[in-house]
There are 2 protein chains.
Amino acid sequence: MKSKREIIKDCAARLFRKKGYKATSMRDIAQEVGMEAASLYNHISSKQEIFQELLLNMARLFTEGMEEIDGSSHKSIIKLEKLISMHVRFAIEHTDSISLITNEWVHLDEEPLREFTSLRDQYEKQFENIIKQCIEDGDFSPVDPEIALFSILSTLRWLYSWYSKQKNINPVELEKEMIHCLVDGLRNK
Amino acid sequence: MKSKREIIKDCAARLFRKKGYKATSMRDIAQEVGMEAASLYNHISSKQEIFQELLLNMARLFTEGMEEIDGSSHKSIIKLEKLISMHVRFAIEHTDSISLITNEWVHLDEEPLREFTSLRDQYEKQFENIIKQCIEDGDFSPVDPEIALFSILSTLRWLYSWYSKQKNINPVELEKEMIHCLVDGLRNK
DNA sequence: ACAAATAACTAACAACTGTTAGTTTAAGAA
DNA sequence: TTCTTAAACTAACAGTTGTTAGTTATTTGT
């Protein structure tokens with residue numbers, strides 16, 4: 001059974017997503033949970049704290065996933081497909097906290113912000129290297145890797161918002177179409 | 001010469017982009033402009049007002065552009081290229097207010113929010129139709145038009161954030177690469 | 001130069017923010 | 001039962017928010 005702390009974090013994530021971090025008050029969260037704002041502090045120690053946890057947990061999930069995929073011995077183009085599949089999975093499993101990564105990270109306090117951007121930069125760098133490798137392998141036509149990275153990443157980052165609008169879409173099907181759309185376009189013919 | 005009202009709107013846009021609508025106070029804006037918060041009200045009538053103007057002006061620019069392109073007699077695939085070129089141009093010319101369209105529109109009051117989402121939905125519908133037409137024309141392979149739309153649009157919507165990070169990129173070059181990345185991938189081989 | 005209008009200022013408002021202190025209730029162990 | 005602990009409550013804090021009122025300074029047209 002879920003701890004109260006986690007219930008609070010879930011509610012907060014949902015509200016942060018819907019109204020944004022700044023526009024969500026502790027009283028809003030309290031109401032959603034079903035208690036008074038002050039009572040929240042029996043379980044958490046600040047608004048920033050849960051926000052940081054939501055964001056950095058998610059960022060670390062991505063980092064771990066990347067580490068595992070990039071560390072594998074697959075061909076780069078397979079790594080890329082696995083990355084896409086991971087993004088699709090996360091977008092479905094963690095719709096709320098994933099939205100914070102794309103939109104709300106600016107509201108992190110100084111130190112966690114540094115950690116976050118560092119994780120993020122590292123992630124992007126590894127992602128770009130995989131794309132470069134795809135080109136060197138001759139699997140991709142010689143596109144600008146930075147632009148390809150940007151194009152792929154922005155699509156993947158908005159997945160969550162789009163997925164929650166579509167009702168009748170099969171996750172497996174979505175993943176397949178996604179790979180088709182993002183990878184096959186760059187393929188060498 | 002720029003009116004004070006427009007200076008205020010420019011500063012506001014810059015701050016809204018950097019810190020978000022809710023996190024930007026009238027005192028923040030005032031400081032940026034170089035006057036007291038109360039003095040702003042000699043030129044504007046509320047925080048929401050300038051926010052709405054920034055957002056809806058931008059939305060209307062897109063609608064007009066779409067109307068012009070879609071109303072032309074070009075082949076659909078040419079229309080698509082023109083749309084991409086428009087997005088690139090806007091992302092460069094209006095970096096600040098364009099960011100609001102992707103991120104901050106949630107903070108619109110009820111009625112302008114309705115207008116905004118209506119414009120947006122209409123825009124997306126026309127965009128999707130052009131993609132469908134590309135498929136019917138045989139210029140695109142038979143992808144899921146909804147997924148293609150989503151993929152292209154999310155890339156185009158994040159252009160601004162990415163463009164402001166890159167220093168040494170030629171707009172013309174960017175546009176060419178963009179079209180290559182987004183369109184050529186879907187092309188029938 | 002003088003009147004009128006424009007745009008800056010200071011001070012203050014009511015509402016709301018995150019958070020703390022202190023108190024009461026409920027639950028579990030002895 | 002009684003003692004202890006966890007978790008809810010109410011009340012209030014100090015700071016910030018958007019905005020208004022009232023006043024002073026500056027610019028403009030005659």
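Good morning. I will begin with the fold of a single chain. Chain A has 8 helices and 0 strands; here helices (H or I, at least four residues) and strands (E, at least two) are DSSP runs, numbered from the N terminus. Read along the sequence, the pattern of chain A is therefore α-α-α-α-α-α-α-α. The C-alpha atoms of this chain fill a box of roughly 60 × 40 × 30 Å along the principal axes.

A word on conventions. This is a predicted model, in which local features need pLDDT of at least 70 and side-chain atom pairs count only at pLDDT 80 or more, while totals for chains, interfaces and linings use all residues. Residues are numbered from 1 along each chain as its sequence is written, chains are lettered from A and ligands numbered from 1 in the order in which they are written, and side-chain values use heavy atoms, with hydrogens and water left out.

Let me turn to the two protein chains. A rotation of 180 degrees, with 0.0 Å of shift along its axis, superposes chain A on chain B with an RMSD of 0.0 Å. The two copies are thus related as by a two-fold rotation axis. The superposition is by least squares on the C-alpha atoms of residues with pLDDT of at least 70 in both copies.

How many residues of chain A are in contact with chain B? There are 35, and they meet 35 residues of chain B, contact meaning heavy atoms within 4.5 Å. Because 100% of the interface residues of chain A are also interface residues in chain B, the copies meet through the same surface.

The area buried between chain A and chain B is about 2,700 Å², with carbon and sulfur atoms giving 66% of it. Buried area is the accessible area (1.4 Å probe) that two parts lose on being put together, summed over both. In chain A, the residues that lose the most area to chain B are Ile147(A), Phe150(A) and Trp158(A), together 24% of what that side buries.

On the side of chain A that touches chain B, the elements giving two or more residues are helix H1 (4-19), helix H5 (95-103), helix H7 (145-163) and helix H8 (171-183). H7(A) supplies the largest share, 10 residues. By class, that side divides into 15 nonpolar, 10 polar and 10 charged residues. In this scheme Ala, Val, Leu, Ile, Met, Phe, Trp, Tyr, Cys and Pro are nonpolar, Asp, Glu, Lys and Arg are charged, and the others, Gly among them, are polar.

Which polar links cross this interface? The rule finds 0 salt bridges between chain A and chain B, a salt bridge being a side-chain nitrogen of Lys or Arg within 4 Å of a carboxyl oxygen of Asp or Glu. The count of residue pairs in polar contact, both at pLDDT 80 or more, is 5. A polar contact is a pair of N or O atoms within 3.5 Å; within protein, one must be able to donate a hydrogen and the other to accept it, and residues adjacent in sequence count only if both atoms are side-chain atoms.

Finally, the DNA. DNA strand C is surrounded by 16 residues, the closest being Met26(A), Tyr41(A), Glu36(B), Asn42(B) and His43(B); near means that a heavy atom of the residue lies within 4 Å.

Arg27(A) reaches bases: a polar side-chain atom lies 2.8 Å from a base nitrogen of DNA strand C and 3.5 Å from a base nitrogen of DNA strand D. For Arg27(B), a side-chain N or O atom is 2.8 Å from a base nitrogen of DNA strand D. Thank you.
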